[in-house]
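Keep the picture beside you as you read.

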Amino acid sequence: EFSYSPIFEQNIYRIIVIFKLSQMVLELLLSGILRESFNYAPFIVVMEVAEMLITIGASDFVTFTAGHFVEISIITIERMYIHPCIKVLKNLWPRWKMLAQRKFGKRKRLTRSQKQQEEMKWRRVNEDIQLRNEGVEPLLDSVALFSVEKTGTILSPIVCLIVMVFFEQTQIAMQYNVRKNELGYYTLFACYMIPWTSVVDVFILNTQELIHGWRLYDYMAYQRFRFTTREYRWVLSSDTFDESISEGMQTMDLLCFSSQYYFIISVFAFAMLTNMFAITVFLRYEYNFLGDPAMPIIVLAIFLICEVIRLILCRIANVTVPYFNWHGLWAPKQLEGTMDDAIAAKLAIGEGRQADLEQERLELQALNSDRFRHRFLDRNRPWVLNHLVELITPRSLASVGPDGRPLTEFVRDVYSDLMAIGEGARKSGDRSDISSDDEGDEDFEKRRLWDRSPLTGSNLAMAKLWLSKARKRRSFGRVVSGIIQDHKEDKCSLCARTKETCASLVGGLSKGGLRDPYAIDDLITQFEQKYSINENDPNMWKAFFRSKAEYVTVCNLCIDRLEQEKLTRHIRYPGADRLTRSGDISSDDEKDEVVFDPIIVLRSSNEGKMMGKWLSAARKKIGGDFPRPESRKQMEMYAERLKRKKNRDAKQIMNRYHFIEEKTTQVSDDERGWGRVRLDEPSRLMLRSWVMEAKKNAKKRFDARGDAIRAQVKQTLLKMPPEDDWFYKREMRLEGNSIDVEGDYLTLERKVKETGKAAEIRKVESGCDSFRQDIKMKLARKKMAMETSLSEIHGKVQIDADLRARELRRACKELKREHEEEEKRAREEEGAVSSEMVNRHKDSMYNIEQLIVKETEKTEMEWNRIDNERRKIYAQEEKILLRSVKDRDTQSSLDIGRIETNTWEEIVWGEKEWRSRALGWLNIAVRKVEEKAEEDRRNEKKNEERKHRQKRFKE
């Protein structure tokens with residue numbers, strides 16, 4: 001309707017650009033509303049056709065063609081640059097939204113679970129962005145835009161024909177001042193543009209491959225292969241979607257941009273175009289279809305006609321023509337043979353020759369064999385283990401594994417299998433006449449049944465200790481392996497055999513003149529005792545090893561003999577031996593005796609079975625009958641000792657408890673006994689200020705200690721220049737640099753946290769101040785309202801009192817006039833007024849005056865009552881509001897204390913960890929610096945002595 005106006009005709013190029021930009025915005029809105037790319041694809045087709053149709057509103061045919069080429073240029077720029085950039089910005093929007101919420105949102109104290117959920121949400125958003133930007137989705141989105149634009153181009157000639165056929169009904173061409181015979185030229189131009197835009201699309205697609213690195217041809221070939229080898233005739237009948245693609249594009253990917261996809265969007269788009277033409281006809285003829293009584297009959301007839309046409313077309317689509325090898329419309333093609341999908345894809349694309357296909361069939365057969373798979377895993381095990389973490393996302397770890405167990409346990413078993421692969425286990429494809437190294441061993445199944453729960457407590461400490469010692473033994477052994485090999489001799493140290501008379505000579509360490517494989521453990525223990533358990537410097541270890549190690553060279557025959565002696569070592573049988581001495585038996589009353597708590601071990605557990613085996617073997621070696629007669633007595637004695645120990649410990653605890661209780665509940669006669677202290681408010685404030693001052697001093701001392709450590713680290717690094725790396729080692733200097741940088745970073749991070757703490761405190765204080773100000777203003781408003789209300793009530797009461805007083809005074813005047821008239825008549829009739837009448841008149845006047853006084857007093861009492869009630873209510877409300885202010889101040893103090901405590905704990909935790917590492921590094925570095933300085937002094941002294949000797953020699 002807007003294109004019919006002269007404004008459109010005069011500004012057609014600007015309006016075309018505006019319409020294209022509006023189309024991009026509308027596409028984003030539809031994607032957010034419909035959540036499915038396939039759902040809003042027909043809408044984009046309708047907009048493309050409508051943009052072509054309104055271009056007819058140009059002033060002449062030349063302007064029409066120029067506008068069409070302007071539109072093609074905008075589409076080219078959009079598809080190559082604008083549309084991909086918009087999609088990238090749309091994908092990055094969730095990350096920017098979370099960053100904005102963290103930056104400008106309210107900062108709340110989160111629990112550990114909430115922090116984990118926030119971190120999981122952040123990781124999920126980043127993973128989603130990475131998948132959307134690096135996966136197939138950008139390519140899929142680009143092809144979807146190409147498909148809807150191509151569909152609109154193909155529908156354009158049909159729309160022009162409809163406008164030409166229904167020239168008088170639609171009156172669209174009449175509004176554009178285009179005659180019916182001229183519409184044929186527009187239709188021919190739209191038909192000509194189909195092959196021309198196809199050539200332009202080829203250049204655009206190739207340019208997209210070069211700019212964005214998309215493999216468009218391979219992707220379209222893969223989609224053609226998927227559609228050719230589909231399982232169902234109608235591809236949407238399949239319920240298998242590619243879950244690696246976002247849900248909004250899974251349906252479009254399932255359709256594979258096939259003929260069924262174009263059929264659906266074309267039908268829906270054409271239906272919406274016919275509705276658009278119908279609305280145009282209604283507007284031109286001012287037809288109200290809701291007021292037409294034949295409307296229900298027409299709608300029913302249309303539905304019946306459409307259903308009949310659908311049945312006829314479905315019957316025609318199922319017709320088969322064997323002569324032409326036609327099995328019906330969209331009948332799935334069945335590939336013959338047992339070839340794999342890759343070979344079938346090449347057949348579908350038209351690649352490959354018979355020899356290549358046969359070669360790939362043989363390769364496929366090899367790939368499907370378990371033997372090849374095990375060999376592949378065995379050779380590529382390091383790479384698979386290193387990249388196993390990258391293949392598993394936190395979202396997938398929450399699912400269930402293939403065997404029904406949690407995926408974490410399944411992955412742990414797979415990792416163990418990969419670590420143990422190639423260690424003699426039988427694999428599928430091995431020869432049956434060759435036995436496996438593990439055949440008949442049930443340890444593998446037992447290992448699978450081991451408890452895989454994380455270690456805690458002493459078990460974890462023991463495992464960490466063993467792991468650290470094993471790592472140190474391995475690394476230290478690797479460092480000195482070259483030294484051991486250098487000390488290998490040409491003959492055996494035990495039998496004097498040479499290389500010619502034995503198979504091999506092995507160099508090793510000795511202890512007491514004999515080869516001992518555990519001698520290195522004793523050397524490591526001595527090294528740790530001399531220096532430190534945490535000392536791992538290889539140069540110091542090499543120097544210590546050279547000074548303490550004893551070497552031996554043994555031939556293979558001597559090694560076999562020593563191993564045989566180990567197996568047949570002398571066993572001491574029970575019998576006569578040396579007499580037991582008095583020092584071998586401890587006394588029951590010894591104070592230094594360690595009595596262990598009883599440990600209950602189940603006989604069915606592994607520990608119980610092991611202890612049972614040991615007990616049986618020990619009894620068998622000792623011989624005799626068990627249990628022995630004195631065993632019960634010994635057990636009772638041991639139980640009695642345990643009982644005495646527990647009683648003694650309990651007595652010590654009770655004595656300590658009573659001592660503390662007496663100190664805290666009673667005041668002793670000694671002047672130093674404080675007793676129970678009751679503090680008043682000033683004393684409590686003084687104590688609180690003292691505690692705060694003590695905390696500040698403790699923080700100052702903590703900061704001073706950190707500054708001292710940082711200064712010492714920097715000074716030590718200045719004494720370790722890079723040219724002295726031959727002595728200090730480059731790794732140690734770099735470690736010191738990293739510690740120094742980390743210390744500076746912690747200082748900066750502390751300043752940032754303190755700034756954030758100050759901001760949070762200011763926020764709390766400002767909130768408290770604003771709350772206090774609000775309460776103050778609220779109290780002022782309430783007081784003003786109360787005063788206003790009281791003044792209004794007082795005015796009303798005063799007015800009522802005045803009216804009542806005026807009424808009584810008027811009544812008093814009337815009564816006085818009546819009395820005067822009565823007295824006048826009495827004088828006229830009787831000659832004088834009686835005293836009785838005068839007294840009665842005085843009493844009535846007095847009563848009225850008293851009534852006026854009482855009414856005034858009553859009014860004042862009522863006003864005082866109202867005033868007291870209102871002021872009492874205000875006082876109660878004021879008390880409640882002031883109490884809320886006090887509670888808010890208390891809560892603000894608690895919040896400020898919590899903020900300061902949390903910030904200090906975060907700072908102290910990182911600072912303590914850094915200080916422990918810094919002090920450990922300084923302990924080694926300072927010692928090495930001192931050694932280097934001492935060595936430099938010795939060298940300087942030697943140089944001076946050498947110069948002195950040379951000088952004396954010259955003299």
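Predicted model: local features only at pLDDT ≥ 70, side-chain atom pairs only at ≥ 80, totals over all residues.

**Helix H9**

H9 runs over residues 183–212, which makes 30 residues. How far apart should its ends be? At 1.5 Å a residue, the helix should span 44 Å, and the end C-alpha atoms are 41 Å apart, so the two values agree. Along the way there is a kink of about 30° at Ile194, shortly before the proline Pro195.

Which residues of H9 are buried? They are Leu183, Tyr186, Thr187, Phe189, Ala190, Met193, Thr197, Val200, Asp201, Ile204 and Gln208. Their cover includes helix H4 (61–104), helix H6 (137–165), helix H7 (167–170), helix H8 (172–175) and helix H10 (216–228).

One of those buried residues, Asp201, also belongs to a network of salt bridges that links it with Arg79, Glu149 and Lys150.

**A histidine in H4**

Stay with helix H4 for a moment, where you can find His83. Is His83 buried or exposed? Its relative accessible area is 7%, so His83 is buried. Leaving aside neighbours within four places in sequence, His83 is in contact with Glu27, Glu78, Asp141 and Leu145.

**Nonpolar cores**

In soluble globular proteins, nonpolar side chains tend to be buried together. In this model, the largest nonpolar core has 55 residues. Val163, Phe257 and Tyr261 are the ones with the most contacts inside this core. What does Tyr261 touch, once its neighbours within four places in sequence are set aside? Its contacts are Phe38, Ala41, Ala144, Ser147, Val148, Met252 and Leu255. Apart from this core lies another one, of 16 residues, which has Ile709, Met720, Ile739 and Ile924 among its members.

**Salt bridges**

Side chains of opposite charge can pair when their charged atoms come close. How many salt bridges does the structure hold? There are 35. The table sets out three of these pairs.

| Pair | N to O distance | Relative accessibility |
|---|---|---|
| Lys20 and Glu48 | 3.4 Å | Lys20 1%, Glu48 6% |
| Asp895 and Arg898 | 3.9 Å | Asp895 19%, Arg898 35% |
| Glu934 and Arg937 | 2.4 Å | Glu934 33%, Arg937 47% |

Begin with the salt bridge between Lys20 and Glu48. Lys20 lies in helix H2 (residues 12–34) and Glu48 in helix H3 (residues 37–54), so this pair ties together parts that are 28 residues apart in sequence. Lys20 is buried, and Glu48 counts as buried too.

The other two pairs sit within helix H31 (residues 835–954). Asp895 and Arg898 are three residues apart there, so about one helical turn separates them. Asp895 is buried, because its 19% falls under the 20% cut-off, whereas Arg898 is partly exposed. Glu934 and Arg937 are likewise three residues apart, which means about one helical turn between them. Glu934 counts as partly exposed, and so does Arg937.

Which residues other than glycine have a positive phi value? One of them is Glu286, with phi near 55°. Glu286 sits in the loop between helix H12 (259–285) and helix H13 (295–317). At 73% relative accessibility, Glu286 counts as exposed, because exposed means over 50%. Trp330 also has a positive phi without being a glycine, near 60°. The place to look for Trp330 is the loop between H13 and helix H14 (341–349).

**The whole chain**

Now step back and take in the chain as a whole. Its secondary structure comes to 31 helices and three strands. What share of the 955 residues is buried? Buried residues make up 27%. Among contacts between residues at least 6 apart in sequence, 73% join residues at least 24 apart. The accessible surface of the chain comes to about 68,500 Å², and 57% of that surface belongs to carbon and sulfur atoms.

Notes
Residues numbered from 1 in each chain as written. Heavy atoms only, no water. Core = buried A, V, L, I, M, F, W, Y, C linked by side-chain atoms within 4.5 Å. Buried < 20%, exposed > 50% of the residue type's maximum accessible area, 1.4 Å probe, protein only. Contact = heavy atoms within 4.5 Å. Helix = DSSP H or I, 4+ residues; strand = E, 2+ residues; numbered from the N terminus. Expected span 1.5 Å × (residues − 1). Bend = angle between axes of the 7 residues up to and from the residue. Salt bridge = Lys/Arg side-chain N within 4 Å of Asp/Glu carboxyl O. Areas by Shrake-Rupley, 256 points an atom, 1.4 Å probe, with all protein chains shown as cover.
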